[in-house]
Amino acid sequence: MKVLGTDFTIIVLFIVLKCSTAHDCESKETCEQCIQELECYWCSTPTSSNTHCLNKSDVSSCNASASENPEHSFVILKEKVLSEYQQISPQQVRLKLRKNEKYEINFQYKQSANYPVDLYYIMDLSNSMAPSKTNLAKLGAKLADEMMRKTNDFKIGFGSFVDKLTLPYVSSHPGALKNPCQSQTMKCEPPYNFRNQLSLVQNATLFTEKVQKTLISGNLDTPEGGLDAIMQAMVCKTEIGWRANARHLLVMSTDAVSHIAGDGKLGGVIEPNDATCHLEDNTYTKGLQYDYPSISQINYVARENNINIIFAIVLENLKSKDHLKNHYQEMSKIIENSKTGTLDKNSDNVVQFISDIYDQIRDAVRITSDAKKDVNVTITSNCTSFIDGGCSSVKPGEPIKFTAIIEPLVCYNNSKLNKKIIKIKPEGLEDHLQVELEVLCECACSLSRVPLDTSCSQQGDLECGICRCKEGRFGSNCQCDWTESKGEDPSQCIKPDGKNETCSGQGKCKCGKCECKSRPDKSELIYGKYCECDNFSCPQKCSGRGRCECGVCKCDNGWSGSSCDCSSDESQCMPPDRKFLCSGHGNCSCGSCICREKEGYNGKYCEKCTNCDSERCEKLRPCVECVVYKSGAYASSSTCSDHCDIFTTNIVKKLNDTKREGVNVCRVPVEDQCTVVFEYSYDENNMLFVTAEEKMTCRIIPDLFVYIISVIGTILLIGIITMIIWKVVTTFHDKKEYARFLNERDQTKWSAGENPLYKPGTSHFQNPVYGRASYRTSVANAEKKNEITKTEQ
C-alpha cells in the first residue's frame with residue numbers, strides 16, 4: 001500500500017505540474033508575453049481552443065504556418081587562426097536567443113610566448129626614496145634584459161610623483177617651493193603632482209639615463225599622491241605610449257600610503273576626479289582642481305584599459321611596515337588583476353620582484369565579460385586548474401578550451417535595448433571575443449498588423465490573431481466598452497484551477513475580461529488574464545536582487561534562490577592561502593562551502609579535518625613501502641607501478657623537524673617492529689609530493705636468555721657494589737671512633753693503674769694544730785737568711 005500511495009502521489013504531482021505549466025502559458029495574453037516563456041509558443045489561429053499561447057508539447061492545436069516559436073541562431077563572423085598576435089579565437093559571433101534560453105559558445109585561448117609587453121614604472125620621488133631611485137638607475141638595463149628573456153617585444157617608461165601643490169601636502173613657502181629639501185648640499189626638484197619623465201621606449205639605456213637625471217623632491221605629510229599618478233598614467237594613452245595589442249604593466253613604487261578620494265578636502269579640492277588626461281608638457285596640471293581618484297575609479301579605468309597595476313612597496317620604517325603592507329594589500333583586493341609585493345630598503349631586488357610578478361600574471365589567465373545584469377555569462381574550461389573563470393599554470397603555445405554560457409534574463413519594450421554587444425576576454429589583455437547578442441522578444445506576426453479589422457468590431461487592429469483594441473474598448477473582439485460594461489458574465493473570468501474565484505479575487509469581470517485592482521503603490525501591479533499574477537508577493541521581495549514576475553523571482557546575474565538570496569560568487573568559498581574552492585573538499589553553494597562531512601572535513605573553507613591525516617598516512621603507506629623500501633603489499637614492480645603513480649617521491653636521510661604549513665608528517669608502524677616515517681604535501685596544482693626517510697625506524701628485539709643473564713648480573717653487581725660501599729663506610733667510621741678514643745685517653749689526669757671511682761675502707765684525719773711550732777721555726781730561719789744576704793751585699 002505504501003508503494004501504491006507513493007506512485008499515486010508522483011502521478012498527481014506530475015499532473016499538477018503539467019497543468020500548472022499549461023496554465024502559465026494560457027495566462028499570457030500577447031504574443032510577446034508568450035514567447036518570453038521557453039516552454040510556450042504562440043498560435044495566431046488555434047484549432048482546438050481559444051487560447052493562443054500554448055505549451056510546446058501541444059503541437060496538434062496549431063498549424064505550423066500560424067505558430068510563432070522563435071529558434072536560436074548562432075553565426076561565426078570572424079575567426080582568425082591563433083598566433084603570436086592573436087590569442088583568442090573566434091573573435092566575433094552573432095547570437096539570437098529567447099529570454100532565459102542558454103547557449104554555449106566554445107572558444108580557445110593560446111598564450112603567446114612573445115606577446116608585446118609595456119612596462120611603465122612610476123616612482124615616489126619624495127626625499128626618503130633617494131636610495132631606491134639610485135638603484136633603479138643602476139638596475140634599469142638589467143631589468144630590460146630580464147624582461148627581454150620573456151618577450152622579444154618590450155618597452156619601458158618612467159614617471160614620478162610627489163603630491164598636490166598646496167598645504168597640507170606641500171609647503172607653500174617660496175623657498176620650499178624652489179628647494180623642498182632645504183639643504184645646502186643637496187639640490188632638489190621643485191615639487192609637482194605627476195610628471196611623465198619618459199614615454200614607453202625600447203631603449204633601456206635611455207631609461208637608465210632618465211632615471212639618473214631625475215632629481216628628488218619633497219613634501220610635508222606622510223601620504224603621497226600616488227593614485228593621481230596612476231590615474232594619469234592610465235588615461236593618457238598617447239602621452240605614455242601604451243600599445244593596443246600589448247600586455248600593460250604599471251608599477252608604482254613608494255614607501256608611504258596614498259591619499260584617496262576625499263583627502264583633497266584638506267587642501268580645498270572638492271571636485272571629484274574626472275578620470276581624464278590633463279598632461280601639459282608631460283606634467284599633471286589639474287591637481288588643485290580635481291580630488292584624488294577613488295579606488296573603484298582606479299579599478300574601473302584599469303579594467304577598461306587592460307592595465308595590470310603592481311604596488312612595489314619599499315619597507316624602510318619597520319614600525320610602519322605592517323600598516324603599509326596592509327594598506328596596499330587591501331587596495332589590491334579591490335583592484336582587479338593587481339598585485340602587491342615588497343622591495344628591499346634600497347630596492348635592490350626590483351629586477352627579481354618585477355620578473356616574479358610578471359610570471360604570476362603571465363602564467364595565469366582569467367576570462368571575464370562586460371555583460372550587464374540583464375545577461376548572465378558563465379565561463380567554464382577543460383583545464384585541470386580551472387577556478388573562478390580562469391586557469392593557472394598556463395603554458396605558452398598550449399591552447400586552452402573555454403566555454404561561455406550565455407543566458408539573457410530580461411526583455412525590454414524598447415527593441416534597441418534587446419540588442420547588445422558583449423566582450424569576453426582574458427583579463428588584462430586586449431584580445432577578445434565579441435558577441436553580438438539579440439534577445440528575441442518580438443513576434444514576426446506583429447509586422448503584419450491589420451488596422452480596424454472587422455473581426456475586431458472595427459474598434460481595434462488585428463495582430464497575431466488577437467485584437468489590439470482602441471482605448472476604452474476591450475473584449476476578444478473589442479466588443480465591450482468600459483463605461484457600459486456591468487460585469488454580467490463572470491464565467492470567462494474564472495481561472496480553471498478549481499477555486500472558482502472571479503479574477504482570482506483580485507479584480508472585477510467586465511464583458512468577460514478581468515479588470516485587476518490597482519495598488520496604492522503605483523509600482524506594485526496585479527496583472528494576468530485572471531489577475532493571478534503580481535510583481536510584489538515574492539519572498540523578501542527578491543532581496544532587491546531580482547524582479548518579481550507572477551510571484552516568482554527572476555534573479556539578477558550572480559544570484560539565485562527563491563528570494564535571490566543565494567550568491568553565485570565563488571570568491572567567498574576561496575580560502576586565503578589556497579587555490580581551490582572549499583580547499584578541494586566541498587562544494588560552493590550560495591557563497592558558502594558545503595563540506596564533504598563523510599570524509600571528515602569541516603570549517604568555513606572545509607580546511608579542517610580531524611581524522612584525515614591518519615587516514616591519508618595509512619593510504620599512502622603501501623606505496624611508500626614499495627617505492628622507497630621495495631617492500632610491503634605492493635612490493636612487486638608491476639603492482640607498485642600500477643598503484644603508486646599518484647605522487648612524486650623524494651628520499652632524504654632525515655626529515656626536517658621544523659613544523660611547516662601545509663606539510664603533514666606520518667609515522668606509520670609496519671611489520672617487524674618498524675616504523676615508516678614520511679611527509680606529504682600538495683603544490684598549487686593540487687599535485688601530491690611525498691618525502692620519505694631512506695631507512696625505516698626499527699626496534700631490535702633482545703634475546704631472552706641474554707636478557708635474563710643481564711638482569712641477574714646487574715642485580716649481583718649492584719649487591720657487590722652495595723657491600724663494598726658498606727664496608728668502606730663502616731671501616732672509615734671505626735677508624736674515626738678509635739682515634740677519638742685514643743685522644744680522650746691521652747687527656748686523662750690519673751694514672752693508668754688507678755680507678756678514679758675506688759674508695760678505700762679506712763679514713764685518715766689530721767690534727768690541724770699538729771706541726772705549727774716547726775712551721776714557725778722554718779719561717780724565722782728564712783727571714784734570718786734573707787737579712788744575712790742583704791748585709792753581704
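Which residues have the most contacts inside the largest nonpolar core? In this predicted model, local features need pLDDT of at least 70 and side-chain atom pairs count only at pLDDT 80 or more, while totals for chains, interfaces and linings use all residues. Numbering runs from 1 along each chain as its sequence is written, and side-chain values use heavy atoms, without hydrogens or water.

The answer is Leu119, Tyr121, Met147, Phe207 and Ile354, within a core of 36 residues. Such a core is a set of buried Ala, Val, Leu, Ile, Met, Phe, Trp, Tyr and Cys residues joined through side-chain atoms within 4.5 Å, where buried means under 20% relative accessible area (1.4 Å probe, protein chains only). Among the elements giving two or more residues to this core are strand E8 (117–124), helix H3 (130–148) and helix H10 (350–362); helices (H or I, at least four residues) and strands (E, at least two) are DSSP runs numbered from the N terminus. A second, separate core of 34 residues includes Met234, Leu279, Ile298 and Phe311.

Leucine 429 sits in the loop between strand E20 (419–426) and strand E21 (433–439). This leucine counts as buried because its relative accessibility is 1%. Beyond residues up to four places away in sequence, leucine 429 touches Gln87, Tyr109, Tyr115, Arg247 and Asn306, a contact being heavy atoms within 4.5 Å.

Glutamate 407, in strand E19 (residues 400–408), is buried yet has no salt bridge, and the nearest side chain of opposite charge, lysine 102, is 4.2 Å away. A salt bridge requires a side-chain nitrogen of Lys or Arg within 4 Å of a carboxyl oxygen of Asp or Glu.

Methods
Buried means under 20% relative accessible area, exposed over 50%, partly exposed in between (1.4 Å probe, protein chains only). Lys and Arg count as positive and Asp and Glu as negative; His and the chain ends are not counted.
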